[in-house]
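Student: I have a model open and some time to go through it. Can you walk me through a few spots?

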Amino acid sequence: TNNVSQVRTYRIAVNPNNKDTLYLGTFDHGIMRSTNAGESWSTAGLSSEIILDVIPRPAHYSQLLSGTLHNGLFRSTNNGGSWEHSQQGLNASKVTSLLVQPGNSQTLYASLYPGWIARSLDGGATWGDYHQGIVDKRVHALVVHPVQTSWLYALTDESGLYRRDTLNGGGWQPAGGNFLSGAVPTAEESVHPFHQDDVFEQLFPDESLPTNLPQAASIPLLCLTFTNTSPAMGYLGTAGGGVYRSMDDGQSWAAMGLAGTSVYALVVVPGEPNRVYAATNRAGSVQMSLDGGATWGDMGLAGVAAYSLTLDTFNHDVLYVGTSNGVYKYIGGIGWVPAALSGSVVTSIAAHPTRANLIYAGTTEGAFISDDGGATWKAGPTELTGIEIQAIQFDTNQPRLVYYATKGFGVLKVSE
């Protein structure tokens with residue numbers, strides 16, 4: 001093994017079909033392969049990439065998947081003889097959210113952290129910068145207005161809320177709101193999985209981040225949702241500032257409770273604009289308001305941290321919650337029911353927009369799918385094995401298309 005003694009190695013994988021075949025993911029030599037249990041090594045491609053992971057596909061041992069620091073996911077079907085991208089074009093360190101333009105499946109928008117905002121006009125094959133007007137490179141989420149579907153909203157770490165009309169040539173404009181800076185140093189506290197420091201982030205800090213930003217004009221903004229029956233009405237979740245509400249499409253905002261609380265996710269019950277659920281960092285995690293956010297009550301989910309929420313598409317009395325210990329399901333009139341994936345940190349959860357009981361969960365170790373309302377789960381795309389999922393988005397124009405936004409490996413587009 002003397003020819004790899006000076007190689008900076010981050011991952012090692014063993015071919016399950018041949019224990020003498022080993023793969024190294026390195027920082028300076030791409031993928032390296034040994035066919036004699038590590039006695040000698042040869043290069044196996046991606047030599048210009050910083051490799052964060054390499055995985056032989058189960059039952060297809062000549063197929064390899066590799067995640068890189070700056071260039072996303074790659075796939076090889078011949079033991080590393082050649083490689084091709086195995087993602088939908090966006091090569092970014094951390095994709096926090098993704099939108100498909102209503103009425104146009106070819107137009108996609110992605111928020112990056114760090115990295116501003118990107119847009120694709122060809123279904124994700126290529127991407128271009130779309131951040132004009134935003135100073136803050138840390139964008140947590142993008143949201144489309146439910147009626148004015150050309151209006152996009154961007155939630156940032158320090159510079160507040162922005163809005164952009166995609167039908168005109170202007171850039172992003174401040175959308176209003178006085179979100180006072182609080183004592184929260186970062187958008188996700190150390191208990192949130194998105195806050196965890198990665199080894200490669202320590203080794204390769206993003207030196208392009210601006211160092212001369214003015215003092216923060218806003219606390220970090222984490223989530224935004226509008227109501228479907230009163231579309232001018234929206235709720236905004238913050239890091240340390242609780243919930244704000246707007247009645248005028250986001251032009252002005254009023255504090256609506258949970259002060260001092262970080263709100264990671266919000267959902268509004270369709271047809272009931274005053275019934276709101278919030279995933280928070282409070283004890284009990286999930287809070288509910290029946291009066292438009294004026295007052296909140298603890299829903300009694302103890303012993304876990306809640307990170308993500310989704311309502312059942314066809315039964316709005318059923319709420320799914322992604323937590324620090326799997327998926328929980330709240331059924332009105334019954335209460336909480338564990339819905340499996342115990343032991344998994346579920347960072348994103350989404351109900352299919354047209355198919356009953358079909359639930360998708362993103363975790364810190366990949367994606368999972370349930371077709372029976374969370375009772376049982378199966379592994380999702382193998383390309384995502386071991387990868388943290390930031391968000392799951394369906395193409396409402398073509399619901400069979402699912403997009404997975406990842407931490408470190410861009411976006412994966414899957415046709416179910």
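Tutor: Start with confidence. pLDDT is the predictor's confidence in each residue, from 0 to 100. This is a predicted model. The mean pLDDT of the protein chain is 84, and 86% of the residues reach 70 or more.

Student: Where does pLDDT stay under 50?

Tutor: Residues 196–202 are one such stretch. The model gives that stretch 9 contacts beyond four places in sequence. Residues 207–215 also stay under 50, with 7 contacts of that kind.

Student: How should I treat low values?

Tutor: Where pLDDT is low, the predicted coordinates should not be read in detail.

Student: Fine. Next, Ser34. Which strand holds Ser34?

Tutor: Strand 3, which covers residues 31–34.

Student: Is Ser34 buried or exposed?

Tutor: Buried. The cut-off for buried is under 20% relative accessible area, and Ser34 has 0%, so Ser34 counts as buried.

Student: What does the side chain of Ser34 reach?

Tutor: The side chain of Asn36 makes a polar contact of 2.9 Å with the Ser34 side chain. A polar atom of the Ser34 side chain also lies 2.8 Å from the backbone nitrogen of Gly38.

Student: And which residues is Ser34 in contact with beyond four places in sequence?

Tutor: Asp20, Thr21 and Leu22, plus Glu39, Ser40 and Trp41.

Student: Switching to aromatics. How many aromatic pairs are there?

Tutor: The count is 6. Take Tyr109 and Tyr130 as one example. Their ring centres are 5.5 Å apart and their planes sit at 45°, so the pair is tilted.

Student: What parts does that pair tie together?

Tutor: Tyr109 is in strand 10 (residues 108–112). Tyr130 is in the loop between strand 12 (128–129) and strand 13 (139–144). The pair therefore ties together parts 21 residues apart in sequence.

Student: Which residue joins Tyr109 and Tyr130 in a cluster?

Tutor: Trp172. Ring pairs link Tyr109, Tyr130 and Trp172.

Student: Give me another pair.

Tutor: Tyr153 and Phe226. The centres are 5.1 Å apart and the planes are at 45°, so this pair is tilted. Tyr153 lies in strand 14 (residues 151–156) and Phe226 in strand 17 (residues 221–226), so the pair ties together parts 73 residues apart in sequence. Tyr153 is buried at 0% relative accessibility. Phe226 is buried as well, with a relative accessible area of 10%.

Student: How many bridges pair strand 33 with strand 34?

Tutor: The pairing runs over 5 bridges, with strand 34 at residues 401–406. In strand 34, Tyr404 is the bridge partner of Ile392.

Student: Last one. Where does Thr385 lie?

Tutor: In the loop between strand 32 (378–379) and strand 33. Thr385 is partly exposed, at 39% relative accessibility. A polar atom of the Thr385 side chain lies 3.0 Å from the backbone oxygen of Thr382.

Student: What does Thr385 touch beyond four places in sequence?

Tutor: Asp53, Ile55 and Glu365.

Definitions and conventions
Residues are numbered from 1 along each chain as its sequence is written. This is a predicted model: local features need pLDDT of at least 70, side-chain atom pairs count only at pLDDT 80 or more; totals for chains, interfaces and linings use all residues. Side-chain values use heavy atoms; hydrogens and water are left out. Helices (H or I, at least four residues) and strands (E, at least two) are DSSP runs, numbered from the N terminus. Buried means under 20% relative accessible area, exposed over 50%, partly exposed in between (1.4 Å probe, protein chains only). A polar contact is a pair of N or O atoms within 3.5 Å; within protein, one must be able to donate a hydrogen and the other to accept it, and residues adjacent in sequence count only if both atoms are side-chain atoms. Contact means heavy atoms within 4.5 Å. Two strands pair if DSSP finds at least two bridges between them. Rings of Phe, Tyr and Trp (its six-membered ring) pair if their centres lie within 6.5 Å; planes under 30 degrees apart count as stacked, over 60 as edge-to-face and the rest as tilted.
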